[in-house]
Amino acid sequence: MLNELRRNPALLKLDLYCQGLRINESCLVEEDGGRKILRTRAGLGSGLELILPGNLWTNVPVSEPFAARSPYTLHREDGRYLLRWNRLNVATVELSPRPDWYDRSTATGKPMTRIGTLQGTYLGIYQAKVCEYWTAAEKTNCKFCSVGLNLGIDDADDKSIDEVMEVVRAARAESGITYVDFNTGHYEGDTYLDILEPFIVRIKEELGLLVGVQTPPHRDLKRYDHLREIGVNRVSFCFEIFDRNLFEEICPGKHAEYGLDHYLEAVRYCAALTSKGPRGEPWVTNGEIIAGLEPPESSIRAIDWITSVGAVPTVCVFRPLVGTDLQHLEPPQTEDMVPVFRRLYEACMERGLPIGVAPNIHVSLVMLPEECRWLSPLRYPFQTLKLKAMGAVFRRGFESRLARRAAA
Ligand code: SF4
């Protein structure tokens, strides 16, 4: 196992999600320029942001009880951070850098990290008030979710366009972000897209960055044609669980409001918009699931379905966050997760999906499909070459567009 962990950064990233990490008292983290452990992580995770070998960015559980039993420990020696497994050195790792803007406030006096935070190398913004599944007279929140526990602690619930633009500009200038991701919960009347569109238009017009939205599936699917027209680059639908009974049990609000079928229809509809948008604006549709909340075979069925309609799966590893309805559960076993993430890579490659082509996007909260190549014995030489060429063309176009905008 030790040799495997030393050789295979994807296995290490996955195993750390499943087992967590204990931080030795020799570690300074924030004093060494690392990021503070924030509770807000779109309801899925808290943790320590690290960079593993292979330039794999991750967010390692450290606050949950299971992490206190982890075989992994983090040590600081001679200014370097060492990851140990059962007291044996596994790898030298880096703290994900904390930018200067993390310690500043907006012109209106709000800490910038209450407007948005880096998740890996992109800027994540939980844009509006708390998801209404949490505030209904009878709560119907998703049982793994911590959003209703966090808002008002780590996140500001009222963010103006100017405040958001100030933070996006700082993150672009000082952290080199290329992508901004907006995330909302459910609001009565499906107002989430109305709320987000003015923010998207400003970012596109003034900075030209890649922008994505993760919201419930709007009941009027034509709204996604409009998002495509205004240059949105990614839409993501988190149905979390493919097994219908478990979906109903774990996501009662989503089940009652939209139902699994509408989530799937939104994924299918949006994936078909790929060829329709403005030139030079890529478009990716994600179907997001949480592995570890249903049997691995069911997660694999979800991956096969999502890729079959031309969408890219986003697969999180279940983390039983403190304070949530599922805090008493254990995280999944690594060996059960390996086949799921192996399938994630293989299914994307078999379907020729555009993975790993956007510039400078490292995601700490999930295993990216392209990172999972280390978990598969299969190689796809033609598709790999094609993705490299796509990435190079896209990067050049994107950079020259940003340069033109900066010069204007
Ligand atoms: S929809 Fe579910 S996961 Fe998303 S914020 Fe609401 S309760 Fe949390």
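Contact here means heavy atoms within 4.5 Å. This is a predicted model, in which local features need pLDDT of at least 70 and side-chain atom pairs count only at pLDDT 80 or more, while totals for chains, interfaces and linings use all residues. Residues are numbered from 1 along each chain as its sequence is written, and side-chain values use heavy atoms, with hydrogens and water left out. Helices (H or I, at least four residues) and strands (E, at least two) are DSSP runs, numbered from the N terminus.

**Histidine 362**

- Histidine 362 sits in the loop between helix 11 and helix 12 (381-407).
- Apart from neighbours within four places in sequence, histidine 362 is in contact with Asn55, Trp57, Gln119, Gly120, Thr121 and Tyr122.
- The side chains of histidine 362 and asparagine 55 are joined by a polar contact of 3.4 Å. A polar contact is a pair of N or O atoms within 3.5 Å; within protein, one must be able to donate a hydrogen and the other to accept it, and residues adjacent in sequence count only if both atoms are side-chain atoms.

- An open sheet is formed by 6 strands in the order 1-4-5-6-2-3, and its pairing is mixed. Two strands pair if DSSP finds at least two bridges between them.
- Its edge strands are strand 1 (22-23) and strand 3 (56-60), each of which pairs on one side only.
- Strand 2 (residues 48-52) pairs with strand 6 (residues 88-95) in the antiparallel sense, over 2 bridges. Isoleucine 51 has glutamate 94 in strand 6 as its bridge partner.
- Helix 2 lies across strand 2, strand 3, strand 4 (72-77), strand 5 (80-85) and strand 6, and runs at about 10° to strand 3. Axes are lines fitted to C-alpha atoms, for helices over the stretch in contact, and angles run from 0 to 180 degrees between N-to-C directions.

- Strand 12 (residues 284-291) and strand 13 are paired in the parallel sense over 6 bridges. Alanine 291 is opposite valine 317 in strand 13.

**Helix 11 and its partners**

- Helix 2 (residues 9-19) packs on helix 11 (residues 334-350) at an angle of about 130°, and their axes are 10 Å apart. That makes helix 2 oblique to helix 11. Angles under 35 degrees count as roughly parallel, over 145 as roughly antiparallel, 65 to 115 as roughly perpendicular and the rest as oblique.
- The crossing of helix 2 with helix 11 is right-handed. A crossing is left-handed if the near helix is turned anticlockwise from the far one by less than a right angle, and right-handed if clockwise.
- From helix 2, Leu11, Leu14, Asp15 and Cys18 meet Thr334, Met337, Val338 and Phe341 of helix 11. This contact of helix 2 with helix 11 has 6 nonpolar, 1 polar and 1 charged residues. Ala, Val, Leu, Ile, Met, Phe, Trp, Tyr, Cys and Pro count as nonpolar, Asp, Glu, Lys and Arg as charged, and the others, Gly among them, as polar.
- Helix 10 (residues 296-308) and helix 11 have axes that come within 9 Å and cross at roughly 10°. Helix 10 is therefore roughly parallel to helix 11.

**Helix 4 and helix 5**

- Helix 4 (residues 161-175) and helix 5 (residues 192-206) pack with their axes 10 Å apart, at an angle of about 40°. The two, helix 4 and helix 5, are therefore oblique to each other.
- Helix 4 passes helix 5 in a right-handed crossing.
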